[in-house]
Amino acid sequence: MLIFHIGLKEPPRSCTFSGQVAVKGSKRRADNWIHWFKEIQFYQVAALYMCTRLIVNITQVYIPMYTLETLSLNKDTIAKIPLVVYVSGFLSTFLTKPLNKCYGRKGTFFLGLLLIAGTSLWMWFIPKGYLLQTYGVSVLLGVGGSTLLVTALTMLADLIGENVETGAFVYGAMSFTDKLSNGIAVQLIQIFHPCNSLGEACCPKCDLYYREVMVFVTGGATIISLLVLLTMLKTKIGEFKDGAVVDVTVQDALLSKTASVSTSYSKTTGSSKSPCLMYEPTTPPKYGSLNGTCQNIPCSIQEDYSSYDETTPSPKTSR
């Protein structure tokens with residue numbers, strides 16, 4: 001963590017609101033995290049992330065028991081099979097970026113769901129002692145789980161967008177749903193274990209039980225993810241219906257009100273200079289790109305007189 005804070009240089013954000021400038025209810029205020037609960041996309045992304053973590057974690061936890069109890073393989077497969085899952089998942093991350101560019105976030109996530117669904121179906125029909133098929137299932141689990149996880153995290157970053165002041169709450173909320181769902185799932189799996197009712201350390205029913213866990217838990221999470229994904233087909237993650245947009249006319253009006261705004265000039269190529277404007281909506285927080293209409297919006301423009309010559313005339317916005 002020390003290396004992260006010392007070695008990573010964060011770019012300056014010259015056009016952002018401070019806590020004193022932002023109005024109450026602003027999306028750019030860190031104390032207004034509660035407004036995320038009003039956005040449907042917050043719950044949709046949370047459901048996708050939760051199901052993704054369920055698929056990845058449950059398969060990682062129970063695949064050793066599946067190979068030993070259900071498939072009756074040698075004990076050395078406890079180390080080999082998870083290793084194959086991790087390596088294949090790591091290698092598949094290099095394909096995630098091209099897939100996202102080609103098919104988009106939702107298309108890539110759908111491909112991951114198809115891989116997991118096919119793997120779950122395959123695990124149901126693997127007979128005992130078939131090591132090669134087990135390796136094939138492990139590869140598909142690694143590729144599918146890694147594709148889902150990377151894409152879900154990318155969706156989460158798209159959801160936050162420029163609202164980094166409340167981004168910590170969003171990541172914390174997603175992590176909370178992840179840990180809670182995984183804890184409940186593991187507890188229920190252990191409660192319904194057949195050996196608990198028989199009072200034995202192990203019984204013949206264990207063979208089928210771990211297969212059912214690997215198939216039904218991952219398959220159920222896949223179905224839920226698919227249903228949630230279908231509700232997001234016409235939704236662009238990070239854009240919200242109640243946003244606001246600032247057009248050229250409003251910019252001219254805001255620039256003319258020198259009594260209520262201050263001007264910041266940033267040097268560009270040549271001698272031309274352009275104003276750096278930030279507009280703050282008076283409505284409740286809008287967490288994505290600004291769209292819609294915007295009239296009589298308070299404006300705050302950061303002052304920076306270090307590079308400004310008072311004799312320089314104010315720039316005129318071209319119409």
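**Salt bridges, helices and a nonpolar patch**

With a relative accessibility of 39%, Lys80 counts as partly exposed, the classes being buried under 20% relative accessible area, exposed over 50% and partly exposed in between (1.4 Å probe, protein chains only). The model is predicted, so that local features need pLDDT of at least 70 and side-chain atom pairs pLDDT 80 or more, whereas totals for chains, interfaces and linings use all residues. Residues are numbered from 1 along each chain as its sequence is written, and side-chain values use heavy atoms, with hydrogens and water left out.

The side chain of Lys80 meets that of Asp76 in a salt bridge with an N to O distance of 3.3 Å, where a salt bridge denotes a side-chain nitrogen of Lys or Arg within 4 Å of a carboxyl oxygen of Asp or Glu. Asp76 is likewise partly exposed, at 39% relative accessibility. The structure holds 5 salt bridges, among them the pair Lys236 and Glu239 (3.6 Å, N to O), in which Lys236 is exposed at 55% and Glu239 is partly exposed at 29%.

A further salt bridge joins Asp178 to Arg53, with the closest N and O atoms 4.0 Å apart. This pair links distant parts of the chain, Asp178 lying in helix H5 and Arg53 in helix H2 (residues 40-70), 125 residues apart; helices are DSSP runs of H or I with at least four residues, numbered from the N terminus. Asp178 is buried, with a relative accessible area of 2%, while Arg53 is partly exposed at 21%, and both belong to a network of salt bridges that also includes Lys179.

Besides Asp178, the buried residues of H5 include Gly167, Val170, Met174 and Ile189.

In an unreviewed entry, UniProt lists five segments as transmembrane region, including residues 42-65 and 77-96, although such annotations may be inferred rather than shown by experiment. Residues 42-65 are 100% helix, with end C-alpha atoms 35 Å apart, and residues 77-96 are also 100% helix, with a corresponding separation of 28 Å.

A nonpolar surface patch of about 860 Å² includes Tyr103, Phe110, Ile223 and Leu233. Helices H3 (77-125) and H7 (205-230) each give two or more residues to the patch, whose members have over 30% relative accessible area and no salt bridge, nonpolar side chains (Val, Leu, Ile, Met, Phe, Trp, Tyr) being joined within 5 Å. Leu233 lies in the loop between H7 and helix H8 (248-256) and is exposed, at 55% relative accessibility.

Conventions: Patches are made of residues with over 30% relative accessible area and no salt bridge: like charges are joined within 9 Å, nonpolar side chains (Val, Leu, Ile, Met, Phe, Trp, Tyr) within 5 Å. Accessible areas come from the Shrake-Rupley method with a 1.4 Å probe; for residues, only the protein chains shown count as cover.
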